[in-house]
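Please look through the structure shown below before reading on.

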Amino acid sequence: MTDTLPTNSLPSDIRWMQLAAPVLALLAVLLLVTAGGRWLAQRPWWDWRQIRIEGDVERNSLATLRANALPHLQGNFLTLNLAQARKAFEAVPWVRHAQVQRVWPGLMKVKLEEHRAVALWDGRGDWGEPAPERALLNSHGEVFHANLGDVEDENLPVFAGPNGSAPQVQRLWIRLQGSSQRLGERVTRLELSGRGSWRLAWASGAVVELGRGSEDDLVQRYERFLPHALAVAQRFHTNVAGADLRHVEGYALRLTGIGVNPNPNPKAITRKP
C-alpha cells in the first residue's frame with residue numbers, strides 16, 4: 001500500500017511550480033510559433049512580384065504613382081497592411097479612392113478612382129478675393145487639393161462658401177445653371193456667405209444678389225427674374241450689369257450704359273416680375 005501526500009500539504013513553492021509549469025510550456029510553444037511565423041513571413045518568396053494598376057490613370061502616370069505611393073508601402077504579400085496601402089495611394093494627387101487586393105502568388109492589384117473636377121472652390125467665401133491656394137471640387141461635391149495647372153478646362157465655375165457647404169453650393173449651381181443656359185447665360189461663380197445669403201455672377205460679369213431662402217425658393221425667384229431682366233436688356237439693346245433680388249415685391253436691375261437721373265436718393269431700374 002502506497003501512501004500519497006495530499007496536494008495541500010505540499011510546500012507552497014512546489015504547488016506554484018506545478019501550476020506554472022504548464023503555463024510556461026504553453027508560452028514557450030507560442031513564442032516558438034510566433035518566431036517561426038515571423039521568420040517564414042520574411043522569406044524572399046513572399047516578396048511582391050508585380051503591382052498592377054487598374055481604373056483611372058489619366059492624371060497619374062505609373063512613374064507618378066511609383067514615386068508617391070510605393071515609398072509608403074511596407075510589408076510583403078503576407079505582412080502588408082491593406083488599409084495603410086489604400087491610404088498611401090489615396091494620398092497621391094487626383095486619386096479619390098483606391099482598392100488594394102492581394103492576388104496569389106505575389107500580385108498586388110490596385111484599382112484607382114480619380115477626382116473629376118467640376119469647379120474651383122474658394123473656402124473663404126470672400127467675394128472677389130480668392131484664397132491664396134484655391135482647391136477643387138469633384139463631381140461628388142468633395143473638396144480636394146491638386147495642381148491647378150493640371151486642369152485642362154479653363155471655364156470651370158468658382159464656388160465659394162463656408163467650410164462644409166460645398167455640396168449645397170454645387171446642388172444649387174446645377175439648378176441655376178440649367179435655367180441660365182436655356183436663355184443663353186452661364187453662371188461662372190456662386191457664393192454662399194457666412195450669414196446664409198447667396199450671390200452669383202454670369203460670364204458677362206453681371207452680379208446677381210439672390211438673398212436668402214431655401215433652394216426651391218431661390219430657384220423660383222431666379223427663374224421669375226431671368227426672362228424679364230433679359231427682355232428689358234434686349235429692349236434697350238444692352239446687357240444686364242447687375243441685379244438685386246432681395247426685394248419682396250420685385251427686383252432692382254442695372255443695365256450696362258444706362259443710368260438714372262441724379263437725385264438725393266438714386267435708384268436703379270426696378271421691375272416687378
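Arg 171, Arg 175, Glu 215 and Asp 216 are joined to one another in a network of salt bridges. The model discussed here is predicted, and its residues are numbered from 1 along the chain as the sequence is written. Side chains of opposite charge can pair when their charged atoms come close. A salt bridge is counted here when a side-chain nitrogen of Lys or Arg is within 4 Å of a carboxyl oxygen of Asp or Glu. By this rule the count comes to 14 salt bridges.

Another pair is made by Asp 216 and Arg 175, with the closest N and O atoms 2.7 Å apart. This pair, too, links distant parts of the chain: Asp 216 is in helix α5 and Arg 175 is in helix α4, 41 residues apart. Asp 216 counts as partly exposed because its relative accessibility is 42%. Arg 175 is placed in the partly exposed class as well, at 33% relative accessibility.

**How the two helices lie**

Two packed helices are described by the angle between their axes and the distance between the axes. Helix α4 covers residues 166–181 and helix α5 covers residues 215–235. Their axes come within 10 Å and cross at roughly 20 degrees. Angles under 35 degrees count as roughly parallel, and α4 and α5 are therefore roughly parallel to each other. The crossing of α4 and α5 is right-handed.

Which class of accessibility does Leu 176 fall into, buried or exposed? This residue lies in helix α4. Its relative accessibility is 0%, so Leu 176 counts as buried. The C-alpha atoms of Leu 176 and Leu 218 are separated by 8.9 Å, although these residues are 42 residues apart along the chain.

The description now turns to an earlier part of the chain. Trp 94 is found in the loop between α3, residues 82–90, and β2. Trp 94 is not a glycine, yet it has a positive phi of about 80 degrees. With a relative accessibility of 2%, Trp 94 counts as buried.

Strand β2 contains Val 100. Val 100 counts as buried because its relative accessibility is 10%. Between the C-alpha atoms of Val 100 and Leu 112, which are 12 residues apart along the chain, the separation is 9.0 Å.

The loop between β2 (95–103) and β3 (107–114) holds Pro 105. The peptide bond that leads from Trp 104 to Pro 105 is cis, with omega near 10 degrees.

His 237 lies in the loop between α5 and β11, the latter covering residues 240–244. Phi of His 237 is near 55 degrees, a positive value in a residue other than glycine. Its relative accessibility is 74%, so His 237 counts as exposed.

Asp 244 takes part in a salt bridge with Arg 246, and the closest N and O atoms of this pair are 2.8 Å apart. Asp 244 counts as buried, because its relative accessibility is 17% and the cut-off for buried is under 20%.

Which residues make the nonpolar surface patch of about 370 Å²? The patch is made by Val 23, Leu 26, Leu 27 and Leu 30. Leu 26 is located in helix α1, which covers residues 12–41. At 52% relative accessibility, Leu 26 counts as exposed, because the exposed class holds residues over 50%.

Conventions: Predicted model: local features only at pLDDT ≥ 70, side-chain atom pairs only at ≥ 80, totals over all residues. Heavy atoms only, no water. Patch = residues over 30% accessible without salt bridge, like charges linked within 9 Å, V, L, I, M, F, W, Y side chains within 5 Å. Areas by Shrake-Rupley, 256 points an atom, 1.4 Å probe, with all protein chains shown as cover. Helix = DSSP H or I, 4+ residues; strand = E, 2+ residues; numbered from the N terminus. Buried < 20%, exposed > 50% of the residue type's maximum accessible area, 1.4 Å probe, protein only. Axes fitted to C-alpha atoms, helices over the stretch in contact; angles between N-to-C directions. Parallel < 35°, antiparallel > 145°, perpendicular 65-115°, else oblique. Left-handed = near helix turned anticlockwise from the far one by under 90°.
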